[in-house]
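Hi,

Here's the structure I promised to pass on.

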Amino acid sequence: MERYDLVYQLYDEYDTKTLREYQEFVDVFPAVDSRVALEHWQKANDELEDRKDEIRAAFAAGETFAEIAARATRDQAFTALDLEAKYGRGVNVLVLDVDETLRSAGSTDNEIPRETLHVLTEFHEAGVPIVICTGQTLENVKGFAIQGLGSEIVHSGELSIVYEAGTGVFTPGHGADTKQLLYEELDEEIRDVFDDLRARVLPEAPESIRRGCHLQGNEFNVTMKPNYETGSADAREIIDDALVYLIDLLADAVSEAVGFDGEEIRDRTRTFYADQDPEIRTVLEEEGAYPDQDDESIPDELAAVLERIDVAYYEADAAEIGSLELNKVVGVEGALEVLGIDDPFALVMGDSKSDRRVMEWVAENDAGIAAAPEHASQDTLEHVLGTDELVFDRGKSVDVLQTVYALNRLASLG
């Protein structure tokens with residue numbers, strides 16, 4: 001209990017709230033060419049160091065406790081203590097989703113907040129690699145990563161990008177291993193299905209879908225996004241339509257690839273994915289597209305292919321077809337191998353079903369902890385609440401990052 005007593009002393013005897021305000025000001029003060037502004041920053045930095053010096057002098061591990069007090073709230077510090085007591089180690093890699101995790105359309109104007117970016121740079125400087133794990137295209141991710149974190153970090157050899165939910169991995173600075181095209185390892189039958197889908201998805205779409213959706217510029221996955229504001233009623237309506245269309249198009253592509261002939265193949269395919277995902281079933285029922293048939297059995301030759309292909313539905317955001325053999329877990333494993341992390345203990349942050357798979361993977365392998373925003377998918381929230389309850393408010397991923405920063409500081413004490 002000695003460490004708990006010390007943290008009680010830290011937050012009871014020192015004005016940590018003001019200390020954190022000084023730290024945040026110093027960290028995120030904008031770069032301006034103004035003598036007056038720089039003098040103001042210097043005064044704040046001097047005050048910050050004076051306050052830290054008081055803590056440094058009062059505790060045996062003064063530097064550690066000064067940094068914890070400057071960056072973590074009382075609740076975050078005690079959560080970090082609980083995590084350190086439970087796991088006995090700190091986090092040695094960050095695995096981070098982006099959309100609705102690091103940034104939020106609803107509360108951060110779809111930008112990663114500056115305080116979040118700064119904490120990520122702190123982890124980088126402490127030698128903790130970062131794996132950005134997203135369904136977005138590589139070019140999109142590279143763009144905002146360089147803009148937010150800077151080219152030096154992105155090209156440091158300590159940052160990896162798992163893109164398109166695991167179809168590829170990009171780790172700058174690693175020679176021949178810099179870019180891994182994981183989808184090239186799939187067998188020809190599955191690649192033919194996706195080639196067919198991509199060639200037909202827009203030309204054969206009904207006019208309403210062609211006008212209301214666009215095809216995300218993926219290398220492999222087939223993802224339809226709305227031409228309306230994400231989350232709006234119009235986006236929800238068009239994505240529901242697009243989901244039904246994509247499932248039927250998939251049925252046709254699979255039929256041609258495996259030579260399966262049957263008038264009911266679309267109904268069978270709809271039934272298959274409705275059974276896999278309650279959200280998909282709900283959409284099919286509401287669209288009047290759920291098959292009304294007595295015999296719902298799926299022919300073995302059809303099921304054998306469908307079991308390898310994922311249909312994902314993100315309400316009012318996207319409808320997507322991907323490979324179940326390629327997912328964020330496979331991508332993260334590839335990233336960790338290139339980064340040379342043999343014994344990972346990761347912080348996994350995300351909001352979707354694909355992120356939950358990574359969370360489950362680290363839990364099953366005692367390889368990390370999971371965190372999710374309060375608006376995450378139900379299954380993802382259930383997993384997080386059933387483990388360490390690291391749930392954060394919309395747009396406030398920095399709260400968990402600060403907790404883990406404190407965890408790592410405590411774990412360094414041994």
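This is a predicted model: local features need pLDDT of at least 70, side-chain atom pairs count only at pLDDT 80 or more; totals for chains, interfaces and linings use all residues.

H9 can be read in a similar way. This helix runs over residues 188–200, and its 13 residues reach 18 Å from first C-alpha to last, close to the 18 Å expected. Buried in H9 are Ile190, Val193, Phe194, Asp196, Leu197 and Arg200. They cover an arc of only 160° around the axis, which puts them on the same side of H9. Note that an aspartate and an arginine, Asp196 and Arg200, are among these buried residues. Glu188 and Ala199 sit on the other side of H9 and are exposed.

**Aromatic rings**

There are 10 aromatic pairs in the structure. I'll pick out two of them. The ring centres of tyrosine 14 and phenylalanine 59 lie 6.2 Å apart with the planes at 50°, so this pair is tilted. It links distant parts of the chain: tyrosine 14 is in the loop between H1 (2–13) and H2 (16–28), while phenylalanine 59 is in the loop between H3 (35–58) and H4 (62–71), 45 residues apart. Phenylalanine 59 counts as buried, at 6% relative accessibility.

The other pair is tyrosine 87 with phenylalanine 345, also tilted, with 5.2 Å centre to centre and 55° between the planes. Here the two residues are 258 apart in the chain: tyrosine 87 is in H5 (residues 74–87), and phenylalanine 345 is in the loop between H15 (328–339) and S10 (346–349). Are these two buried or exposed? Tyrosine 87 counts as partly exposed at 28% relative accessibility, whereas phenylalanine 345 is buried at 2%.

Tyr4, Tyr8 and Phe78 form one aromatic cluster. Separately, the charged end of arginine 103 sits over the ring of phenylalanine 144, 4.7 Å from the ring centre.

**Loop residues**

Threonine 167 is in the loop between S3 (159–163) and S4 (168–170), and at 1% relative accessibility this residue counts as buried. Setting aside residues up to four places away in sequence, threonine 167 touches Gln180, Leu181, Leu182, Tyr183, Phe220, Asn221 and Leu326. One of those contacts, phenylalanine 220, is 53 residues away in sequence, with the two C-alpha atoms 6.9 Å apart.

Glutamate 325 lies in the loop between S9 and H15 and counts as partly exposed, at 35% relative accessibility. Beyond its neighbours within four places in sequence, glutamate 325 is in contact with Leu186, Ile190, Arg308 and Val330. Ile190 is also one of the buried residues of H9. With arginine 308, glutamate 325 makes a side-chain polar contact of 2.8 Å.

Finally, two backbone angles to look at. Aspartate 366 has a positive phi of about 50° although it is not a glycine. This aspartate is in the loop between H16 (353–364) and S11 (368–373), and counts as exposed at 63% relative accessibility. Glutamate 389, likewise not a glycine, has a positive phi of about 60°. That residue lies in the loop between H17 (378–385) and S12 (390–392) and is exposed, with a relative accessible area of 56%.

Cheers

Definitions and conventions: Residues are numbered from 1 along each chain as its sequence is written. Side-chain values use heavy atoms; hydrogens and water are left out. Helices (H or I, at least four residues) and strands (E, at least two) are DSSP runs, numbered from the N terminus. The expected span of a helix is 1.5 Å times one less than its number of residues. Buried means under 20% relative accessible area, exposed over 50%, partly exposed in between (1.4 Å probe, protein chains only). The arc is that of the directions from the helix axis to the C-beta atoms. Rings of Phe, Tyr and Trp (its six-membered ring) pair if their centres lie within 6.5 Å; planes under 30 degrees apart count as stacked, over 60 as edge-to-face and the rest as tilted. A charge sits over a ring if NZ of Lys or CZ of Arg is within 6 Å of the ring centre and within 35 degrees of the ring normal. Contact means heavy atoms within 4.5 Å. A polar contact is a pair of N or O atoms within 3.5 Å; within protein, one must be able to donate a hydrogen and the other to accept it, and residues adjacent in sequence count only if both atoms are side-chain atoms.
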